[in-house]
Amino acid sequence: MRPPALEIDHVTQSFSLRHEKTLRGLFVTKVLRRHATKERFTALDDVTTDISGGSTVGLIGHNGSGKSTLLKIIGGVLTPTSGEVRRRGTLAALLELGAGFHHDLTGRENVYLNADVLGIPREVARQRFDEIVDFSGVEQFIDTPMKFYSSGMFVRLGFAVAIYAQPDILLVDEVLAVGDEAFQRKCLDVIRRFQQEGRTIVLVTHDMRQVEEFCDRAILLDHGHVVADGTAPAVIGEFRARLGHPESQDHLPPPVEVVAVRAEAATSAGLTAVAVTATFKGTSADFEARVDLATEEGARLVAMSSTDAGVRTGIDGERTIRFETPGLALATGEYRVAVSAAAVGSPRTWHTSNARLPVLAAPAVGPLAVPFTAHEQ
Amino acid sequence: MTCVSAVEVVNRREPFWRGFWSAVAEIWAARLLLVSLIRKELSIRYRGSVLGILWTMIKPLVQLAVYGLVLGLFLGFGDQIENFGFFMFCGLMIFGLFSEAVTLGTTSIMWNAPLVKKVALRRELLPLSTTGVAIVNFFFQSLVLVGAMAVTGHWPRLQDVPFVIPAILIVVLLGLAGGMLLGALNVYVRDVQFIVDVGLLLLFWLTPILYGWWTVQQTLADRGLPDWAFDVYMANPLAAATVAFQQGAWPGTPPQEYFDSVFALRLWGTVAVCALLVWLAQRIFNRLQENFAAEL
């Protein structure tokens, strides 16, 4: 048995969700102490696991479950709020569809810059250069600044650079979802070769077929917690069960249930205040209620937790909690509100109920409608 | 893949007071990357421009021409200060080194968001690389200076030339500290880049670049202010660096001697303080960089 390639040791990551990156915003939160615009969001909550050398592990979960954050921490791009990650061997990562390319540089310059970042000697990079370009299939554009590349070309070159770095550990985030079928085949062949060579691969993907096909282990994350860990089919089964039957996520009846959800939006001066009133039923000495506001497509915008808000008491019978946000710069459209409840303890069994929230504010492309300016730099 | 590599901690919060030397060691190990980042910055800056790096000389030369015309000719400074053109160019060069290091450093993290968000590298390399760019430009400008000396035959006093060393050290260290700190803050509060613009404007006029330091001393004395008022003015490390650089590189003599062994000592003291500021800036930077990937 080889020692673990990655040891993830009590990793917790929390962010402050500050809406304004200006002095005024800081003045409001720090000096006037109006914390309404500042919330802490725990993306990962005390995650501990080892990833053994030579294994292929799939991280799965909903959008916003913390899997990409975990990958960034493993990749060394984020420093966890507490805990640490230890690693054996070299690492290359493809986070958020890219290897860290600069738009103003040509493909060639970026390949060499990336090689320098990964610590690959110049001569080695020069030897592999033709293979990298050949694999990516962007020969024609290799001396063109990358801002003219299509997203597919970006990803192809990124993947090529990462694999020709021949890392002991490869992190891949959703990369295989982009690119045409022929390129996907090539990538999957490389992953298979890497597996045979005994390299470690950590994969974040929404494609369960890929997890089933490649991963000998899968980890399911939910709200920053590891909720399932085991063989790929078992964990995927668990994930599907949670997806398919939100009313009964586990075999046991949940100790706390969400019995009613009312979501209201009040728009004035372009800002929409959201209020969610939820009624919970059950018996628990200590329970946590969560409200997630997401776009129609499921991208989470705001996460609220009763624990973070300081409401932390038990429930016996029914309780109603009202969550309120200050004005958000939401665009016109329909949003999703998910209210979840669970008794505090481990394992947590979450019970979720959904509501729709129509917002009639300013029309905009994307979920946010904010005023903006543009000027020459 | 048979050998087992040593365990390495990927990332862990460091205590505030410790970790500077390990950062230095890591940066030293990545020095080739630093060189290629500097090259990248330069090549992006002058991409598609016909004159390329020549632009770094055109700007100070145009400044020189305008100030020379207005201050030197119209206001008559040219008659009061020997080789006024050289005098101003020395000041513009040394101040330009600082202001470029700080301005480019302030936006270095923001402009390199793709690198910061996707690859693990010591982020100090980014403000370091912009400081490197400022040094490269300074080098080209000093070629112009030396060229002009050769053409006109006006040379500085040889025994004073070593003064340029502490002057450059002060400005580089201060520019690096400023670039690191402000670059990190700018990720969180985007006002910083605008504050920097205003701050540099103030500093420019509070530094004896377009006028002689002796004029300040004289004016303060004439107004009946005590001697320490001038010491306060000179406490600005940029003023000290500029005066030292002029002493070492300007082919002329000030009407009064300010230079004595005490000033030389104070210059090196300032260098030490600036080095301490680099340490402090790195420690603050290290804490702030933890969340760069999430904040950008």
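Predicted model: local features only at pLDDT ≥ 70, side-chain atom pairs only at ≥ 80, totals over all residues.
In chain A, 6 strands make up an open sheet of mixed pairing, arranged in the order β5-β6-β7-β3-β8-β9. Strands β5 (91-94) and β9 (225-230) of chain A are at the edges; each has a single partner strand, so one side of each lacks a neighbour in the sheet. From one strand to the next, the twist averages 15°. At one end of the order, strand β8 (residues 217-222) of chain A runs antiparallel to β9(A), and 5 bridges join the two. Within this pair, Leu220(A) has Ala228(A) in β9(A) as its bridge partner.

Strand β7(A) has parallel neighbours. It pairs with β3(A) in the parallel sense over 4 bridges, and β6(A) and β7(A) also pair in the parallel sense, over 5 bridges. Val204(A) in β7(A) takes part on both sides: Leu59(A) stands opposite Val204(A), and Val204(A) is also the bridge partner of Asp173(A). Helix α6 (residues 181-196) of chain A lies across β3 (56-61), β6 (169-173) and β7 (200-204) of chain A, and its direction makes an angle of about 140° with β7(A).

Strand β7(A) is mostly covered, with 5 of its 5 residues buried. In a regular strand, side chains alternate between the two faces of the sheet. In β7(A), Thr200(A), Val202(A) and Val204(A) point one way, while Ile201(A) and Leu203(A) point the other way, and all are buried. Thr200(A), which is located in strand β7 of chain A, has a relative accessible area of 2% and therefore counts as buried, the limit being under 20%. Apart from neighbours within four places in sequence, the contacts of Thr200(A) include Ala5(A), Ile51(A), Asp168(A), Ile169(A) and Leu170(A). Also among the contacts of Thr200(A) are Ser52(A), Gly53(A), Gly54(A) and Ser55(A).

A second open sheet in chain A has 3 strands in the order β10-β11-β14, with antiparallel pairing. Its edge strands are β10 (256-268) and β14 (315-328) of chain A, each of which pairs on one side only. The twist here averages 10° from one strand to the next. Strand β11 (residues 271-284) of chain A is joined to β14(A) by 12 bridges, and the two run antiparallel. In β14(A), Glu324(A) stands opposite Ala275(A). Glu324(A) also forms a salt bridge with Arg322(A), with the closest N and O atoms 2.9 Å apart. Glu324(A) is exposed, at a relative accessible area of 53%, whereas Arg322(A), at 44%, counts as partly exposed.

Over all chains, the count comes to 29 salt bridges. One of them joins Glu213(A) to Arg192(A), whose closest N and O atoms are 2.8 Å apart. This pair links distant parts of the chain: Glu213(A) is in helix α7 (residues 208-214) and Arg192(A) in helix α6 of chain A, 21 residues apart. Glu213(A) is partly exposed at 46% relative accessibility, and Arg192(A) is partly exposed at 30%. In chain B, Glu41(B) forms a salt bridge with Lys40(B), the closest N and O atoms being 3.4 Å apart. Both Glu41(B) and Lys40(B) are buried. Elsewhere, salt bridges that share partners join Glu7(A), Asp9(A), Glu84(A), Arg86(A) and Arg88(A) into one network.

Ala160(A), in helix α5 (residues 151-164) of chain A, is buried with a relative accessible area of 0%. Leaving aside neighbours within four places, Ala160(A) is in contact with Ile132(A), Phe135(A) and Ser136(A). Tyr211(B) is in the loop between α9 (192-205) and α10 (213-222) of chain B and counts as buried at 18% relative accessibility. Gly91(B) is 120 residues from Tyr211(B) in sequence, and their C-alpha atoms are 9.5 Å apart. Residues up to four places away not being counted, Tyr211(B) touches Phe77(B), Ile81(B), Phe87(B), Trp205(B), Leu206(B), Val216(B) and Tyr233(B).

On the surface of chain B, a nonpolar patch is formed by Val62(B), Val66(B), Leu69(B), Val70(B), Leu73(B), Phe74(B) and Leu75(B), which together have about 670 Å² of accessible area. Val66(B) is in helix α3 (residues 55-74) of chain B and is partly exposed, at 43% relative accessibility.

Technical notes
Residues numbered from 1 in each chain as written. Chains lettered and ligands numbered in written order. Heavy atoms only, no water. Patch = residues over 30% accessible without salt bridge, like charges linked within 9 Å, V, L, I, M, F, W, Y side chains within 5 Å. Areas by Shrake-Rupley, 256 points an atom, 1.4 Å probe, with all protein chains shown as cover. Salt bridge = Lys/Arg side-chain N within 4 Å of Asp/Glu carboxyl O. Buried < 20%, exposed > 50% of the residue type's maximum accessible area, 1.4 Å probe, protein only. Pairing = 2+ DSSP bridges. Axes fitted to C-alpha atoms, helices over the stretch in contact; angles between N-to-C directions. Contact = heavy atoms within 4.5 Å.
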